[in-house]
Amino acid sequence: ADLPVPSDPARRTARDIGFRGMLVFSEPDGAEALYASGVSARTLDPLLPPPRLLRSVDGVAFEAVPAAPGTTLGELDAVGFRGLTAFKDRLFAVAGNLYGDGVLLVSAQPSAGNDAFRVASPAGMRVYETAVFNGALYVGVRDPVHGYAVLKTDATGHPPYSFTPVVRDGGGRRWLRSHNVLSMHAFGDALFVGTEFPAE
């Protein structure tokens, strides 16, 4: 807890207050690196630094991926990272709010950080979870008005990518429609999607 809180400099907090996921990623040079998705203390004060992605090549020593001010990673309006996924030799990550939903980022060279990351999701899309299935990248989207959605992309061309709807409007449920996808996992020849209240 060595980071001063701007709104109350007498207080200190930790640079990372938690980690929401990890992923082993094969980098362009063929080396494997372990990435950990950090959560910042911005819930205490929005002026605190953005969340960090930590990287390790030995599983013991971790370093923060560069996120200089003025770059994509350095200017994120996010509290934490989640949903680390490898697809087509690229690393995808969700940079979201305290509850987890946010923009989808992509990088072919995540160790470079900064502007090596681009926003992969269209404006207004609130991604919560990701999974690779049947040759596509699937995303679970939060929509508090119409209900959750599941979309997929082949991630071709330049980001932001085009997404095809698979499930819309909370799965068509008329009453007590769930608004968010909390989990996605491919098992066998099926993709399983778990939602929030009501849990399905």
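Predicted model: local features only at pLDDT ≥ 70, side-chain atom pairs only at ≥ 80, totals over all residues.

Mentor: The side chain of Arg52 meets that of Asp16 in a salt bridge, 2.4 Å from N to O. That pair links distant parts of the chain, 36 residues apart: Asp16 is in the loop between strand E2 (8-13) and strand E3 (18-26), while Arg52 is in the loop between strand E4 (32-39) and strand E5 (53-56). Asp16 has 17% relative accessibility, so it counts as buried, the cut-off being under 20%.

Next up is Arg55, whose side chain forms a salt bridge with Glu27 at 2.6 Å, N to O. Arg55 lies in strand E5 and Glu27 in the loop between E3 and E4, so this pair ties together parts that are 28 residues apart in sequence. Arg55 is partly exposed, with a relative accessible area of 25%, whereas Glu27 is buried at 8% relative accessibility.

Then there's Asp101 with Arg126, a salt bridge of 3.1 Å, N to O. Here, too, distant parts of the chain are linked, 25 residues apart: Asp101 is in the loop between strand E8 (90-96) and strand E9 (102-107), and Arg126 is in the loop between strand E10 (118-119) and strand E11 (127-133).

As for the overall count, it comes to four salt bridges, including the ones I've walked you through.

Notes. Residues numbered from 1 in each chain as written. Heavy atoms only, no water. Helix = DSSP H or I, 4+ residues; strand = E, 2+ residues; numbered from the N terminus. Buried < 20%, exposed > 50% of the residue type's maximum accessible area, 1.4 Å probe, protein only.
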